[in-house]
Amino acid sequence: MVKTERMQVEEAEPTPGHAWLVGLAAWFIPGMGHLMLKKWVRAVLMGGAVWVCFFVGLAMGGHMYDLTNAQGTSSTLLQVPPMIANLGTGILFIICWLLGIGFGDDPVQAARVTYEYGNTFLLIAGLLNYLVMLDAFDIAAGRKS
Amino acid sequence: MMTLFAALASVVFGAMAKDTARERVMYGVKVFVEFIVFGLVLAWILYFIPWRW
């Protein structure tokens, strides 16, 4: 079979439902997707990196974004991209949002030297978890070993 | 901070990429070094830009 035909056959194969479940779990709890696939080392390395990144960001006084504090349309739109990045941490974001940790507009917190570093670490934690999620999804779908 | 960030990101990138464990480690190290080098170069470039004009 030539390469183009093989690619067409591969594209025609439907994604197994299990892969979507793994992807969802990987987003919801960082590292869980690889744990479900019994990729222990990857789960520890990749999931661990996301957890460490998130808690380091919180410890540095980082701020997470949601739409509740936005005042006006343009401000709301500006908060959407970082909120999507923060949302990548799944349950960590949800718990913090429910408990109000890292969402307050505190000038003292914003004045900390590490505030911007913390913001960046929180954003990166979410974005890295999206990558981890896609990796787990691809493995579960059989597109990657 | 930059080193920690580079280490965490390179762990994820390294674990995702390539096929063999050796290739993954090498790629992770490469990404880590690139983060550090580009960070330092960018910092020096930004250092010379007069932001308060």
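**Exercise 1.** Classify Arg42(A) in this predicted model as buried or exposed, and find which residue it pairs with in a salt bridge.

*Solution.* 
Step 1. The relative accessibility of Arg42(A) is 8%. Buried means under 20%, so Arg42(A) counts as buried.
Step 2. Arg42(A) forms a salt bridge with Asp135(A), and their closest N and O atoms are 2.9 Å apart.
Step 3. This pair links distant parts of the chain: Arg42(A) is in helix α4 of chain A and Asp135(A) in helix α8 (residues 115-140), 93 residues apart.
Step 4. Asp135(A) has 1% relative accessibility, so this residue also counts as buried.

**Exercise 2.** State how many salt bridges the structure holds over all chains, and describe the one that involves Asp138(A).

*Solution.* 
Step 1. The total over all chains is 2.
Step 2. Asp138(A) meets Arg143(A) at 3.8 Å, N to O; the cut-off is 4 Å.
Step 3. Asp138(A) is partly exposed at 25% relative accessible area, whereas Arg143(A) is exposed at 54%.

**Exercise 3.** Locate Lys38(A) and describe its backbone phi.

*Solution.* 
Step 1. Lys38(A) sits in the loop between α3 (32-36) and α4 (40-59) of chain A.
Step 2. Its phi is near 60°, a positive value in a residue other than glycine.
Step 3. Lys38(A) has a relative accessible area of 59% and is therefore exposed.

Methods. Residues numbered from 1 in each chain as written. Chains lettered and ligands numbered in written order. Predicted model: local features only at pLDDT ≥ 70, side-chain atom pairs only at ≥ 80, totals over all residues. Heavy atoms only, no water. Helix = DSSP H or I, 4+ residues; strand = E, 2+ residues; numbered from the N terminus. Buried < 20%, exposed > 50% of the residue type's maximum accessible area, 1.4 Å probe, protein only. Salt bridge = Lys/Arg side-chain N within 4 Å of Asp/Glu carboxyl O.
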